Each structure stands twice: as C-alpha cells, then as structure tokens.
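Open the model in your viewer and keep the selection panel at hand. The stops below each give something to select and say what is there.

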Amino acid sequence: MARREAPEVNAGSMADIAFLLLIFFLVTTTIETDSGISRKLPPWQPEEQEPPVIKERNIFQVLVNSNNQLLVEDEEMEIEELRQAAVEFIDNGGGTGDEACDFCQGAGEATSSVNPQKAIISLVNNRGTEYGTYISVQNELVAAYNQLRDREAQRLFGTSFTEMEAKYNDSRTSEGAKETLKERIELIKDMIPQKLSEAEPQS
C-alpha cells in the first residue's frame, strides 16, 4: 500500500507576517511615564555662612500627613482650598517702609507676609504620603505663584506670564523678541519669586 505524503505548509511568508506584527505593536504600544516636577536648585552656599533671619509671619506652613490630610497654618484644609490660601498669603502686602509692596492686593494683615519677595512656603510631607497627593499639593502651590505672576504680567505688559514663557520657548520667536521677553519674565520673577521650601519628610 502506497504511503501518502503529508502536505507541506508554506512558511515562506511567516517572517513577513512576524515583521509586520512587530511594527504594529511598536507603533501602537504606549509607554507610561511618571510625571515629574521641574525645580531649580538653589545656588551653593558656604557652610560657614549664617542663614538669614526669617520672620515667622513670612512663613506659610503646609503639612501633609500619612493619611494625605493637609494642615495649613495649624488648620485642616482641603487641597482644593490650598491655592487660594497660598495666594492670599503671598499677596498679603502687610509690610511698611522698605518692606512695603506697591502692587499687592491682599488684606495687609499684620500676621501674614510683608511682601511676595519675603514670603516663603514651607512644605513638609510624611513618608506615608501618597505620590498623587504630593504632586497635587505641589501643583496647587506652583499654581498660586503662576496666578499672581499672570496678574502682574497682564497689568504691566498686557499678556500673561504663561504666554510670555511660551513665546520665549517657541523656536519661531525672533532673537530680538526673545531678549524683550526675557527681561519681562525676569522682572515678574523678581517681583514674585517662587520661594517653596521642602523639608525632609517626617516618619
């Protein structure tokens, strides 16, 4: 009895199919990346240099515990309320004489900051604080500075601080325009410097 030969499978196109699948997955796959925080580190200071004296009224204390709860100036607060509280502190304008602020629109309370150049936000997290809460708190505090910078840029130059930074970083902006933008951006930063101090997390 004659033996029947099994039909052969043509595998000539398998390499092409595998290559096409590889290209497909490379194109369609998305890689998740953790969001980071842009920070400019302070310049190095000699160890023998004494730290400046800071008045307690110029420090805005924000504590985040292991349960992701906020304690702002010894009072419980929701994250949604943090930005406005920070704005009111920075923009308080409670100084007099050399410490007076001529553009501040705050209440001028004697227990809050004298002017934005002296105002410092002190942030202390707990090691058990969730990363999402940490990022949210940081975003709200930075947004408070940007809100005030936008206001003053709009008052002085008719455009927001955010728009000026975007134009400055745009490759299509001319060098002459960039020089003007740089001067204006530095002026606003000098008026409202971002002084956000982050201490070592608590246990």
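**Salt bridges**

Begin with charged side chains: a search of the whole structure finds seven salt bridges. The model is a predicted one, and the distances quoted on this tour are computed from it.

Select Lys55 and Glu99. Their side chains meet in a salt bridge, with N to O at 3.4 Å. The pair links distant parts of the chain, 44 residues apart: Lys55 belongs to the loop between H1 and S1, and Glu99 to the loop between helix H2 (79-90) and strand S4 (120-125). Are these two residues buried, exposed or something in between? Lys55 has a relative accessibility of 42%, so it counts as partly exposed. Glu99, at 23%, also counts as partly exposed; the cut-off for buried is under 20%.

Next, select Arg127 and Glu200. This salt bridge has its closest N and O atoms 3.4 Å apart. Arg127 is in the loop between S4 and H3, while Glu200 is in the segment after strand S5 (196-198), so the bridge ties together parts that are 73 residues apart in sequence. Both Arg127 and Glu200 are exposed.

Now select Glu152 and Arg155. The closest N and O atoms of this salt bridge are 2.5 Å apart. Both residues sit in helix H3, and because they are three residues apart there, about one helical turn separates them.

**Two packed helices**

Keep H3 in view and select residues 131-157 for helix H3 and 161-168 for helix H4. Two packed helices are described by the angle between their axes and the distance between the axes. Here the angle is about 80 degrees and the axes of H3 and H4 are 7 Å apart. H3 is therefore roughly perpendicular to H4. To see the contact, show the side chains of Arg149, Asp150, Ala153 and Phe157 on H3, and of Phe161, Thr162 and Met164 on H4.

**A buried asparagine**

Select Asn92, in the loop between H2 and S4. Its relative accessibility is 3%, so Asn92 counts as buried. What surrounds Asn92, once its neighbours within four places in sequence are left aside? The residues in contact with Asn92 are Arg57, Gly106, Ala107, Gly108, Glu109, Ser112 and Ser113.

Most residues other than glycine have a negative phi. Two residues to check against that are Asn68 and Glu73, each with a positive phi although neither is a glycine.

- Asn68 has a phi of about 65 degrees. Look for Asn68 in the loop between S1 and strand S2 (70-72); at 21% relative accessibility, it counts as partly exposed.
- Glu73 has a phi of about 50 degrees. Glu73 lies in the loop between S2 and strand S3 (75-77) and, at 37% relative accessibility, counts as partly exposed.

**The whole chain**

Finally, clear the selection and colour by secondary structure. The protein chain has five helices and five strands, running α-β-β-β-α-β-α-α-α-β from the N terminus on. Of its 203 residues, 30% are buried. The accessible surface of the chain comes to about 14800 Å², and carbon and sulfur atoms account for 50% of that. Among contacts between residues at least 6 apart in sequence, 68% join residues at least 24 apart.

Methods. Residues are numbered from 1 along each chain as its sequence is written. This is a predicted model: local features need pLDDT of at least 70, side-chain atom pairs count only at pLDDT 80 or more; totals for chains, interfaces and linings use all residues. Side-chain values use heavy atoms; hydrogens and water are left out. Helices (H or I, at least four residues) and strands (E, at least two) are DSSP runs, numbered from the N terminus. Buried means under 20% relative accessible area, exposed over 50%, partly exposed in between (1.4 Å probe, protein chains only). Contact means heavy atoms within 4.5 Å. Accessible areas come from the Shrake-Rupley method with a 1.4 Å probe; for residues, only the protein chains shown count as cover. Axes are lines fitted to C-alpha atoms, for helices over the stretch in contact, and angles run from 0 to 180 degrees between N-to-C directions. Angles under 35 degrees count as roughly parallel, over 145 as roughly antiparallel, 65 to 115 as roughly perpendicular and the rest as oblique. A salt bridge is a side-chain nitrogen of Lys or Arg within 4 Å of a carboxyl oxygen of Asp or Glu.
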